Amino acid sequence: MMLELRGVNAYYGNIQALHEIDLYVEEGEIITLIGANGAGKSTTLMSISGIVPPRSGEILFRGKPIHGMSPDKIVALGICQVPEGRHIFPDLTVAENLDIGAFLRRDSKKIKEDLDYVYTLFPHLAKRRNQPGGNLSGGEQQMLAISRALMARPQLLLLDEPSMGLAPLVTRKIFEIIRMINKEQNTTIFLVEQNANLALKTANRGYVLENGRITLHDQADKLLNNEDIQKAYLGI
Ligand code: ATP
């Protein structure tokens with residue numbers, strides 16, 4: 001098992017955002033967490049990456065507890081989050097944004113190989129490598145945010161709403177690349193999405209989050225065919 005959450009409770013002040021979250025991620029898979037606005041999807045990712053540490057419960061990465069570790073220690077273990085809203089550095093160039101992704105690494109030859117790899121994945125970024133990140137379109141900024149995370153060589157990539165605000169064509173392209181990263185780099189992916197249809201078509205398994213609680217967990221294709229899920233999340 002790569003990652004396991006056991007009875008995770010997380011709060012913002014007095015407000016409890018996550019209630020007794022139990023979930024697991026196997027090595028090499030794509031899992032998705034779907035749910036309405038405010039269900040607690042982002043909070044779940046932030047509890048894993050150490051930004052909103054759980055008040056109780058356990059988070060185990062390959063069997064070792066990581067709850068209570070600082071976010072930089074968690075990144076150093078190979079867990080990398082691409083936050084909602086992208087958060088690239090607008091005044092730095094594309095190339096400088098990518099350098100920042102590799103800041104914990106010392107293996108300069110491999111860094112160069114990974115840089116070549118992300119430029120092959122996203123030729124748009126290669127063309128704009130000397131432009132400020134802020135000049136890129138929304139889709140390109142999402143590509144840059146994902147690429148910056150890849151430059152850290154993550155073993156587990158946490159993606160928060162990669163389709164947010166993007167045109168359908170760009171979204172499709174980004175999801176294609178998410179599947180490629182999973183296959184070619186053997187990167188395990190934890191995907192949070194409002195677009196439940198796309199997320200379930202991409203993932204192996206899915207969890208449904210409602211008001212901070214997991215209410216359903218199944219193979220992604222079973223969730224796609226589940227009538228309650230279709231009514232609540234797929235607009236069928
Ligand atoms: P969205 O798709 O809107 O991001 P989400 O499923 O990711 O939704 P979260 O952002 O995790 O949901 O929010 C879960 C709950 O925690 C919501 O009720 C939200 O209002 C609350 N919340 C989130 N961030 C904060 C914060 N910084 N301070 C207080 N409450 C917060």
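A: Here is a walk around the ligand, starting with how to read the values. This is a predicted model, in which local features need pLDDT of at least 70 and side-chain atom pairs count only at pLDDT 80 or more, while totals for chains, interfaces and linings use all residues. Residues are numbered from 1 along each chain as its sequence is written, and side-chain values use heavy atoms, with hydrogens and water left out.

Let's begin with the neighbours. There are 13 residues around the ligand, where being near takes a heavy atom within 4 Å. Asn 37, Gly 38, Lys 41, Ser 42 and Thr 43 come nearest. Helix H1, residues 41-49, is the top contributor to this shell, giving 3 residues; helices here are DSSP runs of H or I with at least four residues, numbered from the N terminus.

What is the shell made of? By class, it has 4 nonpolar, 6 polar and 3 charged residues. In this scheme Ala, Val, Leu, Ile, Met, Phe, Trp, Tyr, Cys and Pro are nonpolar, Asp, Glu, Lys and Arg are charged, and the others, Gly among them, are polar.

Now for the polar contacts, meaning pairs of N or O atoms within 3.5 Å. A polar backbone atom of Lys 41 sits 2.8 Å from a ligand oxygen, and one of Ala 39 is 3.1 Å from an oxygen of the ligand. With Gln 194, a polar side-chain atom is involved, 3.1 Å from a ligand oxygen. As for cover, the ligand on its own has 630 Å² of accessible area, and the protein covers 60% of that; the areas come from the Shrake-Rupley method with a 1.4 Å probe.

Key. Polar contact = N/O pair within 3.5 Å; in protein donor to acceptor, adjacent residues only side chain to side chain. Helix = DSSP H or I, 4+ residues; strand = E, 2+ residues; numbered from the N terminus.
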